Structure formats: C-alpha cells, structure tokens
Amino acid sequence: MASLVRHLTFDCSDAYRLGQFWAAVLDGSLADDDAPGDPEAVVTAPGSALLFIAVPEGKTVKNRVHMDLQPQDRSRDEEVARVLALGATVVEDHRKPDGTGWVTLADPEGNEFCIERSAGERAEHP
C-alpha cells in the first residue's frame with residue numbers, strides 16, 4: 001500500500017490561534033489537549049487533518065503548496081464573505097463576470113489558499 005497523507009503541516013508563530021481560525025473555516029475542531037501557548041495544534045475536519053507547529057521564523061515568501069477549498073453548502077461568494085469575517089484577507093480576486101473563477105485569500109499568518117466555486121456553481125457554468 002502507498003503512503004497516506006496524515007496531516008498538512010503549517011509552520012506558524014501561534015499554533016493554537018491559527019488552529020482556531022482553520023477549525024472555524026473547515027467546521028472542524030482542535031484536539032482536546034490543545035491549549036493557548038502550545039507549540040503544536042491539530043485540527044481535524046471532514047476529509048482533512050491540519051497540524052500547526054510554532055516556529056521562530058516568520059513567513060517570507062509565497063507558499064509553494066496551498067489548499068483549494070470548495071464550499072459544500074453555500075456559494076463561493078458566500079464562503080469568501082464568511083472566511084473574510086473569520087479573519088482572512090484577499091490576496092487576489094480571480095472572479096469573472098460569467099460566474100467562473102476563484103479568490104485567493106491569506107489566513108491570519110499570511111498562508112495563501114483559494115476558494116473555488118461550489119459543485120452547484122460548476123454545474124451551472126462549467
């Protein structure tokens with residue numbers, strides 16, 4: 001059997017705080033033993049597990065790997081608004097007038113990720 005991805009791991013300055021952000025984005029939860037100030041935090045969500053590890057260095061360049069999120073029960077634009085309210089910021093807006101495209105956001109520590117169209121939106125405008 002081939003290897004499986006156990007976690008996506010993020011270096012960060014505040015593992016617990018970033019874990020809280022991503023738990024809210026993904027409708028997941030932090031591990032029961034995670035607490036403020038811990039050097040690591042694990043977020044478990046449907047279909048994924050994210051590990052946040054505190055490191056002394058700050059982020060300096062664009063991510064080489066990023067997540068593409070697809071909303072399940074709302075539109076792309078509704079999800080962008082929800083995630084912005086949680087503390088994300090817009091990096092680049094690639095939405096097109098015909099309803100296609102995506103939005104690149106950054107989490108509170110600057111890690112880029114994209115929000116794409118929902119499956120329903122893809123069916124309407126392939």
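A word on the model first: it is predicted, local features need a pLDDT of at least 70, side-chain atom pairs count only at pLDDT 80 or more, and totals for chains, interfaces and linings use all residues. Residues are numbered from 1 along each chain as its sequence is written, and side-chain values use heavy atoms, with hydrogens and water left out.

Let's start with the fold. The chain has three helices and eight strands, where helices (H or I, at least four residues) and strands (E, at least two) are DSSP runs numbered from the N terminus. Read from that end, the order is β-α-β-β-β-β-α-β-β-β-α. The C-alpha trace spans about 45 × 35 × 30 Å along its principal axes. Of the 126 residues, 37% count as buried. Buried here means under 20% relative accessible area, exposed means over 50%, and partly exposed is in between (1.4 Å probe, protein chains only). Among contacts with a separation of 6 or more, 52% are between residues 24 or more positions apart, a contact being heavy atoms within 4.5 Å.

E112 sits in strand β8 (residues 112–115) and counts as buried because its relative accessibility is 16%. Its side chain makes a polar contact of 3.4 Å with the side chain of K59 and reaches the backbone nitrogen of N63 at 3.0 Å. A polar contact is a pair of N or O atoms within 3.5 Å; within protein, one must be able to donate a hydrogen and the other to accept it, and residues adjacent in sequence count only if both atoms are side-chain atoms. Setting aside residues up to four places away in sequence, E112 touches K59, K62, N63, H66, M67, V91, T104, L105 and A106.

E109 is in the loop between β7 (103–106) and β8, and at 18% relative accessibility E109 counts as buried. What does its side chain reach? A polar atom of the E109 side chain lies 2.7 Å from the backbone nitrogen of S13, and the E109 side chain also reaches the backbone nitrogen of D14 at 3.0 Å. Beyond four places in sequence, the contacts of E109 include R17, L18 and K59.

Two aspartates come next. D34 is in the loop between β2 and β3 (40–45), and its 13% relative accessibility makes D34 buried. The D34 side chain reaches the backbone nitrogen of V42 at 2.9 Å, and D34 touches Y16, E40, A41 and V42 once residues up to four places away are set aside. D27, in the loop between α1 (15–26) and β2 (29–30), counts as exposed at 68% relative accessibility. D27 also has a positive phi of about 55°, although it is not a glycine.

On to an arginine. R117 is in the loop between β8 and α3 (119–124) and counts as buried at 8% relative accessibility. R117 and D68 are 49 residues apart in sequence, yet 10 Å apart in space, C-alpha to C-alpha.

Finally, the pockets. The largest holds about 440 Å³ of space, and of its 21 lining residues V25, L26, D27, Q70 and Q72 lie nearest the centre. A pocket is an open set of points on a 1 Å grid over the protein atoms alone, where a 1.4 Å probe fits, with protein on both sides within 12 Å along at least five of seven lines; lining residues have an atom within 4 Å of a point. Points are joined across faces, edges and corners, and the volume is the space filled by probe spheres set on them. Helix α1 gives the largest share of this lining, four residues.

The second largest pocket has a volume of about 290 Å³. Of the 15 residues that line it, F10, D11, C12, K59 and N111 are closest to its centre.
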